[in-house]
Amino acid sequence: GRRGRAGRGHALGAPRRFPNAAVQSRVIASMTRLARRLLACVSLVAACACGRADAPVPGAAPPDAVLVEATNTAVGHMGRYDFQAAIDVLRPLAATHPASAETTFNLAVALINRQRPDDAPEAEQRLRTVLDHPAVGTRARYALGLLLLYQGRDADAFPLLSAVAAATPQDPFAAYFTGQAR
C-alpha cells in the first residue's frame with residue numbers, strides 16, 4: 001500500500017545535526033548575533049517612525065518644501081530597508097541644511113541600519129549633536145541608547161534609555177531595552 005505523509009519524515013526535512021558540540025555552539029552564537037542585529041534594525045526603524053514624544057519647537061519656522069520632500073523620500077527608502085538610497089538623499093541634505101535636527105537624526109538612523117564599519121561612529125557623533133534638541137531629542141536618545149546597547153556599552157546606554165522610558169511610559173520597548181542595559 002501507499003505510505004502516508006507520516007512515513008516520509010518531517011515536511012521540511014530531518015532536523016539539522018551538527019558534527020560536534022563546538023560547531024553547534026558556534027552556529028547558535030552566530031544565530032544569536034544575527035537575531036540581535038535584526039532586532040536592533042527593526043527597533044531603530046521603529047524609533048525613527050513611531051511614538052514621537054518630542055515637543056514641537058515653539059516659534060520654529062516651517063521647513064522649506066525641498067527639505068520636506070527630500071526627507072519624505074529618504075524616510076520612504078528607509079521604510080523599504082534601502083538604507084544606502086536614504087543616505088544618498090540625506091547626506092547632501094544634511095550638508096545644505098546643517099541646522100535641521102530631523103535630517104541629522106534620520107541620517108544617523110540610516111547609517112546605523114546600513115551597518116558598514118565606519119557607520120556606527122559617524123551615527124553616534126551625529127546623534128550626540130541632537131540629544132538636547134526639543135524636536136528629536138527623545139528619539140535621538142532612544143536610537144543612541146540602542147546603538148550603544150548593541151555595541152555592548154550597556155553602562156553608556158542605560159541613562160539614555162532610562163530617560164526615554166521615563167519620557168514615554170506608554171512605550172514597552174523603551175522599558176524593555178532599559179532593562180536590557182541594566
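**Helix packing and aromatic contacts in the predicted model**

Helix α7 passes helix α8 in a left-handed crossing, a term applied when the near helix is turned anticlockwise from the far one by less than a right angle, clockwise being right-handed. Helices (H or I, at least four residues) are DSSP runs numbered from the N terminus. The structure is a predicted model, in which local features need pLDDT of at least 70 and side-chain atom pairs count only at pLDDT 80 or more, while totals for chains, interfaces and linings use all residues. Residues are numbered from 1 along each chain as its sequence is written, and side-chain values use heavy atoms, with hydrogens and water left out.

The axes of α7 (residues 154–167) and α8 (residues 172–181) lie 8 Å apart, and the helices pack at an angle of about 155 degrees. Axes are lines fitted to C-alpha atoms over the stretch in contact, and angles run from 0 to 180 degrees between N-to-C directions. The angle therefore makes α7 roughly antiparallel to α8, the term for angles over 145 degrees. Contact (heavy atoms within 4.5 Å) involves D154, A157, F158, L161, S162, V164 and A165 on α7, and A174, A175, F177, T178, Q180 and A181 on α8.

A search of the whole structure finds two aromatic pairs. Rings of Phe, Tyr and Trp (its six-membered ring) pair if their centres lie within 6.5 Å, and planes over 60 degrees apart count as edge-to-face. In the edge-to-face pair of Y81 and F83, the centres are 6.1 Å apart and the planes are at 80 degrees. Y81 is exposed, at 53% relative accessibility, whereas F83 is buried, at 10%; buried means under 20% relative accessible area, exposed over 50% and partly exposed in between (1.4 Å probe, protein chains only). Y176 and F177 also form an edge-to-face pair, with 5.1 Å between centres and 75 degrees between planes. Y176 is partly exposed at 42%, and F177 is buried at 5%.

The side chain of R139 lies over the face of F105, at 5.0 Å from the ring centre; the criterion is NZ of Lys or CZ of Arg within 6 Å of the ring centre and within 35 degrees of the ring normal. Another arginine, R126, is found in helix α5 (residues 119–129) and counts as buried, at 18% relative accessibility. Apart from its neighbours within four places in sequence, R126 is in contact with R91, A94, T104, L107, A108 and L111.

D82 is found in the loop between α2 (65–79) and α3 (83–96) and is partly exposed, at 36% relative accessibility. The C-alpha atoms of D82 and A110 are 8.7 Å apart, although the two residues are 28 residues apart in sequence.

Notes:
Rings of Phe, Tyr and Trp (its six-membered ring) pair if their centres lie within 6.5 Å; planes under 30 degrees apart count as stacked, over 60 as edge-to-face and the rest as tilted. Helices (H or I, at least four residues) and strands (E, at least two) are DSSP runs, numbered from the N terminus. Angles under 35 degrees count as roughly parallel, over 145 as roughly antiparallel, 65 to 115 as roughly perpendicular and the rest as oblique.
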